[in-house]
Amino acid sequence: MATSKVLGYLESRKNLTGGALGLVGLVLTFIQVAGPYWPAVVAGLYGAGALIAPPERPALPAFPGPSAQLDAVRADFAKLRCYLADVDLPGTSADWLAEITELLTALLEPGWVAEALAQDPDGVHTVSRAVRQDIPEAVDAYVRTRWWTRMTAGTDSPERHLDRQLALLREEAEHLVSSLRDRAARRQESHTRYLEDRGR
């Protein structure tokens, strides 16, 4: 611990700046400017350099980039699909879910679409939340509620809630796809305007 602190100080800006000014003091000594007080001059210049050096900046934590985040979401999406394959859903809900998983598969497929998604932090968050929270919660809540509904007839249909939840999730996924498509279209239009302006 003490050794690492000493090594850290030796590589610090304070020590390097102080050392540089200390060398200036030695040069002054050799050209006989410092006189008999050269040790005080060298030490003083070193101390001044150590004081004026900018403080050390702690290194930023290494968070995973968007592409690494998408890799983790892909792995979780594979787990989710295995889970959904074992769940028996009513026809309409199964259709909604199939459309959602198709959209998510297209977004997460490695390639230029996933690269475009990776440049949109909100989009990555939306996909991650759908895969890790929204879809599993909607399906699991349906499975649990359906069991209780069998014991208490006349209550609100769990199928209706599931259909509504999946419809909202599908709408959210479609909105994300539209947003990414619009961004690509704006990029294309911007390049067209650039080329037109360059030709004038």
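Here are some questions and answers about this predicted model.

User: What share of the 200 residues of the protein counts as buried?
Analyst: A residue counts as buried when its relative accessible area is under 20%. Going by that cut-off, the share of buried residues in the protein is 24%.

User: Is Ser93 buried or exposed?
Analyst: Ser93 sits in helix H5, which covers residues 91–108. Leaving out residues up to four places away in sequence, Ser93 touches Glu159, Leu162, Asp163 and Leu166. Its relative accessibility is 0%, so Ser93 counts as buried.

User: How about Ser128, which residues does it touch beyond those up to four places away in sequence?
Analyst: Ser128 belongs to helix H7, residues 121–151. With a relative accessible area of 13%, Ser128 is buried. Setting aside residues up to four places away in sequence, Ser128 touches Val73 and Gln133.

User: Why does the span of helix H3 agree with what it should be?
Analyst: Helix H3 holds 15 residues, running 38–52. At 1.5 Å a residue, H3 should span 21 Å. The C-alpha atoms at its ends agree with that, because they are 21 Å apart.

User: Where do the buried residues of H3 fall, seen down its axis?
Analyst: The buried residues of H3 are Val42, Gly49 and Ala50. Seen down the axis of H3, they fall within an arc of 100 degrees, so they line one face of the helix.

User: And which exposed residues does H3 carry on the face turned away from its buried side?
Analyst: Exposed here takes a relative accessible area over 50%. On the face of H3 turned away from the buried side, the exposed residues are Ala40, Leu51 and Ile52.

User: How much space lies in the largest cavity?
Analyst: Rolling a probe the size of a water molecule over the atoms shows where empty space is left. The count comes to one cavity of 30 Å³ or more. The space in the largest cavity is about 80 Å³.

User: How do the residues lining the largest cavity divide into nonpolar, polar and charged?
Analyst: H5, H7 and helix H8 (158–198) each supply at least two residues of the lining. Among the lining residues are Ile100, Thr126, Leu169 and Glu172. The lining divides into nine nonpolar, one polar and one charged.

Definitions and conventions. Residues numbered from 1 in each chain as written. Predicted model: local features only at pLDDT ≥ 70, side-chain atom pairs only at ≥ 80, totals over all residues. Heavy atoms only, no water. Helix = DSSP H or I, 4+ residues; strand = E, 2+ residues; numbered from the N terminus. Buried < 20%, exposed > 50% of the residue type's maximum accessible area, 1.4 Å probe, protein only. Contact = heavy atoms within 4.5 Å. 1 Å grid on protein atoms, 1.4 Å probe; cavity = no way out; pocket = protein on both sides within 12 Å on 5 of 7 lines; lining within 4 Å. Points joined across faces, edges and corners; volume = space filled by probe spheres on them. Nonpolar A, V, L, I, M, F, W, Y, C, P; charged D, E, K, R; others polar. Expected span 1.5 Å × (residues − 1). Arc of directions from axis to C-beta.
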